[in-house]
Amino acid sequence: MIRATFINVTRLFFLGTIVRSLSPSPAPVLLIYNMRLTPVAMSAFCTLALPRQFAAAFSRGNSIAAVRQFSSTPTGLFSVKEEVDPGVVEGTDLRVLKYPDPSLRAENAECTEEELKDGTIGKIAKEMFMVMYAAEGVGLAAPQVGINKKLMVYNESGDKKKWLDEIVMVNPKIVEFSEAKDVEIEGCLSFPNMNGKVERSKWIKVEAQNLKGKKIKKKFKGWESRIFQHEYDHLDGVVYTDRLDEDGRLEVQPVLDELVEDFGEGGEL
Ligand SMILES: [Zn+2]
């Protein structure tokens with residue numbers, strides 16, 4: 001799962017200047033000044049305190065609207081918010097599995113025409129959305145809930161009231177990656193209490209099927225491109241920590257070690 005905590009680091013620096021001119025309160029300004037000075041504080045802001053709507057709007061380039069929303073609710077900054085583990089979700093038995101659950105590395109089978117026709121895939125997708133919203137995420141891949149099929153769902157707003165934005169991708173493939181790349185901070189509900197910078201293509205061309213089995217061809221850029229690539233990786237048994245650079249990996253290694261210890265035997269990845 002990709003949490004709604006992506007933020008373009010370079011834009012964040014720019015944000016400090018904008019907030020200074022918009023916000024009547026010194027608190028967010030102070031925090032952003034701190035972030036400009038310390039990568040740790042900046043990282044904590046991105047992961048722990050960034051309101052979902054702010055992250056989404058900001059990442060989609062709507063920086064002014066995002067800043068206004070953000071500066072009008074400065075208390076949001078200080079409600080430390082880590083990955084949300086929804087526990088039992090009403091209406092489904094699905095749960096988000098944490099690293100190093102072997103499902104995250106297992107092979108994922110194509111969804112069959114029969115599974116699409118008899119509603120099996122539709123039912124799974126519906127329940128995945130329930131779990132995703134309960135976990136306050138914007139995307140979820142089937143292996144993250146223990147279903148090893150090539151299926152992903154996302155809603156780039158992360159807002160269940162905006163159900164028209166819900167996307168289900170069945171048997172997706174990325175057929176072209178842009179050479180141009182960018183780097184953003186990613187997190188994942190399967191990896192609580194950590195995040196890291198990941199380089200990905202700015203745009204991608206994809207092919208997939210919808211729930212009716214109809215073929216879809218799309219080009220995605222920006223926020224949606226990043227969500228898609230993160231979830232698509234899950235369908236290949238790849239997780240974002242595989243894509244961290246050496247420094248990023250060193251930073252998260254202690255948290256990974258704890259997760260392995262918590263999982264107990266049989267969770268080697
Ligand atoms: Zn993920």
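View 1. Helices (H or I, at least four residues) and strands (E, at least two) are DSSP runs, numbered from the N terminus. This is a predicted model, in which local features need pLDDT of at least 70, side-chain atom pairs count only at pLDDT 80 or more, and totals for chains, interfaces and linings use all residues. Residues are numbered from 1 along each chain as its sequence is written. Of the 269 residues in the chain, 39% are buried; buried means 20 or more other C-beta atoms within 10 Å of a residue's own, exposed means 12 or fewer, and partly exposed lies in between, with C-beta atoms placed from the backbone.

**View 2. Here is helix α9, residues 246-263.** From first C-alpha to last, the 18 residues of α9 reach 24 Å, close to the 26 Å expected at 1.5 Å a residue (1.5 Å times one less than the number of residues). Shortly before the proline P254, α9 has a kink of about 45° at Q253, taken as the angle between axes fitted to the seven residues ending there and the seven starting there. Just after α9 comes G264, with a positive phi of about 85°.

**View 3. A cis peptide bond joins Y99 to P100.** Its omega is near 5°. P100 sits in the loop between α5 (63-72) and α6 (113-117).

**View 4. E136 has a positive phi, near 60°.** Look for E136 in the loop between α7 (120-134) and β2 (137-141). E136 counts as partly exposed because it has 17 C-beta neighbours inside 10 Å.
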